[in-house]
Amino acid sequence: MNATQPRLSDGGQIVELVVGGRPHRFHALWLRDNAPDEKTRSPGNGQRLITILDVPPDTRVTDAQVLDGTVSLRFEPEGKVVKFEAAWLAAHAYDRQPPRGAGWTPVETERWDSQLQGKVLSGTWQDVSSDRAALGRWLREVRRYGFAVMTGMPAESGVLCKAAELFGYVRETNYGRWFDVRAEVNPNNLAYTNLGLQAHTDNPYRDPVPTLQILACLENSVEGGESIVVDGFKVAERLKSENPQGFDLLSRHCARFAYEGTKGVRLRSKRPLIELGPDGELIAVRFNNRSAAAFTDIPFDDMEAFYAAYRRFAELIEDASMAVSFKLRPGELFIVDNTRVLHARRSFSGSGSRWLQGCYADKDGLLSTLAAIEEEGLLQ
Ligand code: NM2
Ligand code: OGA
Ligand code: ZN
């Protein structure tokens with residue numbers, strides 16, 4: 001990639017470069033901090049060897065040359081010459097980023113509603129576990145939709161952990177490394193009954209929440225017991241478009257959640273129902289009627305409007321136009337991004353048997369494995 005000759009301004013504190021076909025300004029401090037030379041970054045593992053305190057506060061660029069896609073910069077007062085790839089600078093340019101409103105999501109994700117029904121990509125265990133490209137395609141679905149199905153698993157106890165191990169690690173909790181989901185006498189959680197479960201994210205009373213959940217089916221011959229998934233990010237988008245004030249209330253105030261159903265376990269959290277990052281990125285939704293605790297962090301004057309927004313959020317979650325439903329058969333599982341996609345089940349009746357197993361895992365491992373597969377060039 002080519003770059004035209006750089007321009008220095010502000011006494012060398014700013015460097016203007018045309019990279020990737022567009023002019024971009026970079027700060028000398030930023031460039032110095034991101035220098036790729038072997039005294040700044042370990043060539044072996046890419047980790048930074050210096051700290052911000054090693055970067056002189058009066059850092060400036062006194063000379064800049066572009067040759068064959070390489071930008072050479074001389075930094076003073078260190079008297080250090082560093083070479084940057086123009087392509088790297090183009091990929092990491094930060095000048096003139098368009099403003100984004102509250103609730104935006106990255107381009108790799110795609111929000112969906114009931115129209116996704118019938119189009120959900122499901123991988124087969126055989127492909128996904130034996131072919132790295134097939135694994136990459138399956139993980140991409142999870143990144144895009146926050147949801148995917150896998151079929152063709154052995155209907156054996158514990159195999160769901162193998163699905164997690166394809167890309168990362170099981171997250172063990174007080175429910176165990178994995179847990180059986182079936183109707184029990186004296187259940188310590190309403191999931192262990194034959195009741196219907198309103199669409200929810202799991203374990204919002206944990207902080208951090210498990211960011212992935214896998215539910216696998218061993219038996220499901222009951223009447224009812226269907227699964228439903230809903231894209232919480234799509235619901236948040238709909239809420240914002242019809243009621244921006246309500247969206248604001250749910251994202252600016254914390255709800256509370258608790259699980260206290262087992263002796264010795266007192267899990268409590270204080271987090272918003274719609275979580276935004278400082279730049280307005282939609283980070284997570286939390287929603288679980290069974291474990292919502294008393295909300296005590298909303299100003300008195302906002303509580304009524306908060307409840308109206310909470311109700312509307314729930315109505316949208318329950319709206320049939322948002323739901324994708326299916327009935328798991330033995331040997332099938334689904335995975336959800338538990339910070340985004342809510343899952344529900346319909347109640348089921350006494351005849352026949354229903355036995356699911358669930359486990360938690362985390363998205364960082366999944367996204368890491370996917371990025372590595374992409375870097376290997378196995379997808380496209
Ligand atoms: N179980 C199935 O978050 C929840 O409490 C939902 C979780 C008990 C691990 C159920
Ligand atoms: C759960 C749950 C759904 C089901 O265990 O977290 O939501 O289909 N179960 O039993
Ligand atoms: Zn659940």
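What percentage of the 380 residues of the chain count as buried? In this predicted model, the share of residues that count as buried is 49%. The chain contains 9 helices and 21 strands, and its C-alpha trace spans about 80 × 55 × 45 Å along the principal axes. Among the contacts with a separation of 6 or more, 73% come from residues 24 or more positions apart. The accessible surface comes to about 18800 Å², and carbon and sulfur atoms hold 49% of that surface.

Helices H7 and H8 give a view of how two elements of the chain pack. Their axes lie 9 Å apart and meet at an angle of about 100°; because angles of 65 to 115 degrees count as roughly perpendicular, H7 and H8 are described as roughly perpendicular to each other. The residues that make the contact are set out below.

| Helix | Residue range | Residues in the contact |
|---|---|---|
| H7 | residues 244-252 | Gly-246, Leu-249 and Leu-250 |
| H8 | residues 300-318 | Asp-302, Ala-305, Phe-306, Ala-309, Tyr-310 and Phe-313 |

Elsewhere in the chain, Asp-33 belongs to helix H1, which covers residues 28-33. Leaving aside residues up to four places away in sequence, Asp-33 touches Thr-40, Arg-48 and Val-55. Between Asp-33 and Asp-337 there are 304 residues in sequence and 34 Å in space, C-alpha to C-alpha.

Conventions: Residues are numbered from 1 along each chain as its sequence is written. Chains are lettered from A and ligands numbered from 1 in the order in which they are written. This is a predicted model: local features need pLDDT of at least 70, side-chain atom pairs count only at pLDDT 80 or more; totals for chains, interfaces and linings use all residues. Side-chain values use heavy atoms; hydrogens and water are left out. Axes are lines fitted to C-alpha atoms, for helices over the stretch in contact, and angles run from 0 to 180 degrees between N-to-C directions. Helices (H or I, at least four residues) and strands (E, at least two) are DSSP runs, numbered from the N terminus. Angles under 35 degrees count as roughly parallel, over 145 as roughly antiparallel, 65 to 115 as roughly perpendicular and the rest as oblique. Contact means heavy atoms within 4.5 Å. Buried means under 20% relative accessible area, exposed over 50%, partly exposed in between (1.4 Å probe, protein chains only). Accessible areas come from the Shrake-Rupley method with a 1.4 Å probe; for residues, only the protein chains shown count as cover.
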